[in-house]
Amino acid sequence: MKRELFSSKIGFILAAAGSAVGIGNLVAFPVMASQNGGAAFLIMYAFFVFFICLPVMLAEMSLGRHTRQNPHGAYSKIGQSPLWNGVGWLAVITPFMIGVFYLVITVWIFGYLAKAVMGQLDTLAQDGAFGVFINSNELYVYMAVVIGLTFLILQSGVKQGIERAATYLMPALFVMLLLLVGYVLTLDNAMLGVQFFLIPDFSKINVQVLTDSLAQAFFSLSLAMGILITYGSYIQKNNDIVGAGKMVAGLSLLVACCAGLLILPAVFWSDPSIDPSQLTDSSIGMIFMVLPKIFLALQQDIGFFGASFVASFFFLLVFFAAMTSLISIIEVPVASLMDTKGISRRRSLITLGVVMIALSVLSALSFGRVEWLTSFLSYGGADKSFFDVIMDVFYYSILPLNGLLLCLFVIYRWKKVSLHAEMREGNPGFEGSLMQKYIDVSLGTFIPAILAVIFVLNV
Ligand code: PFF
């Protein structure tokens, strides 16, 4: 089968930015920034994005384009050993499992979108509403819609599916985000939120914050999930990978900043004396428990329809962001099955779809509905649900491990010269540049070392 490619560099940038811009940028980032010193966190995060994450991102894209393979194919083609073959499988199973938990969260977002559109803000804003919603039967209707949409897009292939979805959804997302930021900034006390976000408090920074923010940057750029190897395998030879990678990292950071300027002013509008760092400890808490209350309060200002409209607009924005990320992560196992088994896209999707639905339903049932799934395992002094276990194992532990293995693989097995040769395609000026030297040194030394530390700390 001939491999389908993205039609242009911009098509690739939009698809990769679609993967990178997700719940991580829109919600997790503002929550973490508000807890950890505002702009102090932002500066650190931006540093990590460009100095630690970008080299890894470029390495993944280059590896994908060079091998024209999914992550497993890439590792086994170059690695030529059982060890690298195993690492390749890990690089496919990880995105598959992260895809399961991301799917569940996307379904919740879609459910909240549907309810906001139906004008049910008062229900959503009640205490305990989220717990009721995630254990309701209607959740499975929303799940069917989200899975159906995702698989429909993926079924249409790289150009007509992934690229086309990104070309519509990403510009829409940027416009919606800017409109929402513009609106929120006109609200009373919005400037308190802007100040809170932009005035750095360096006293909050410690080792834990450092590792958390690096992990967040890593997750947010979709690294170590095989996504950029897979998308990289669809880039045309004459496209400049280095330029594209910088754009993707920059766009993702820009969206995170805008999200900070959206969420914090909204929080201060609802209560000018608030300490946002005490508001909620998680992005899930922010999207599903805090924001609905703010939207409901907005009703007094702009009425029922106005508030429902703003809430729907917000959830649609987050839903678009989540969908383009979800598509990218499911494409990894889809491409892997197609490449290794030589089967069609449709057969690959059906096979994976069955397993994915089963695992997502099990995860969705693990929030209190089914006892053994709710206390699936017990470690670290607490009962962990099936959903928690997937997150702990794949997101917190295996993700940094995958990143670490990738760096070692690229520099010591694939070798620097091959990496340079791939990055030079479409960017002849890369050879001998400062960027090239930095990538060589960093990927071979301190980036894997830092990832090793995060891996050990998290395990
Ligand atoms: N950038 C995405 C986010 O921040 O939400 C990263 C991502 C995570 C993509 C999980 C896909 C995914 F399944």
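## Basis of the description

Residue numbers start from 1 along each chain, following the sequence as written. Because the model is predicted, local features need pLDDT of at least 70 and side-chain atom pairs count only at pLDDT 80 or more, whereas totals for chains, interfaces and linings use all residues.

## Overall fold

The protein chain contains 19 helices and two strands, these being DSSP runs numbered from the N terminus (H or I of at least four residues for helices, E of at least two for strands). Its radius of gyration is 21 Å, close to the 23 Å that the globule rule gives for 459 residues, so the chain is as compact as a globular protein of that length; the radius is taken over C-alpha atoms, and the rule is 2.2 Å times the number of residues to the power 0.38. Along the principal axes, the C-alpha atoms fill a box of roughly 65 × 45 × 45 Å.

Of the 459 residues in the protein chain, 53% are buried, where buried stands for 20 or more other C-beta atoms within 10 Å of a residue's own, exposed for 12 or fewer and partly exposed for values in between, with C-beta atoms placed from the backbone. Among the contacts in the protein chain with a separation of 6 or more, 83% join residues 24 or more positions apart, a contact being a pair of residues whose C-beta atoms, placed from the backbone, lie within 7 Å.

## Helix α19

Helix α19 (residues 446-458) has 13 residues and reaches 18 Å from its first C-alpha to its last, close to the 18 Å expected at 1.5 Å a residue, the expected span being 1.5 Å times one less than the number of residues. Its buried residues are I447, P448, I450, L451, I454 and F455. They cover an arc of only 160° around the axis, which puts them on the same side of α19; the arc is that of the directions from the helix axis to the C-beta atoms.

The cover over the buried residues of α19 includes α3 (39-67), α11 (207-220), α17 (386-424) and α18 (434-444). On the other side of α19, A449 and V456 are exposed.

## The ligand shell

The ligand is surrounded by 16 residues, of which G22, G24, Y102, S325 and I329 are the closest; a residue is near a molecule if its C-beta atom, placed from the backbone, lies within 6 Å of it. Two or more residues of this shell come from each of α1 (9-20), α2 (23-35), α5 (82-117), α11 and α14 (283-341), and α14 gives the most, with four residues.

By class, the shell has seven nonpolar, nine polar and no charged residues. Here Ala, Val, Leu, Ile, Met, Phe, Trp, Tyr, Cys and Pro count as nonpolar, Asp, Glu, Lys and Arg as charged, and the others, Gly among them, as polar.

## Individual residues

R68, found in the loop between α3 and α4 (71-79), has a phi near 50°, a positive value in a residue other than glycine. With 17 C-beta neighbours inside 10 Å, R68 counts as partly exposed. N189, in the loop between α9 (157-185) and α10 (190-198), has a positive phi of about 65° although it is not a glycine, and N189 counts as partly exposed because it has 17 C-beta neighbours inside 10 Å.

W108 is found in helix α5 and counts as buried, with 21 C-beta neighbours inside 10 Å. Leaving aside neighbours within four places in sequence, W108 is in contact with I134 and F288. W108 and F130 are 22 residues apart in sequence and 9.1 Å apart in space, C-alpha to C-alpha.

Key
Contact = placed C-beta atoms within 7 Å.
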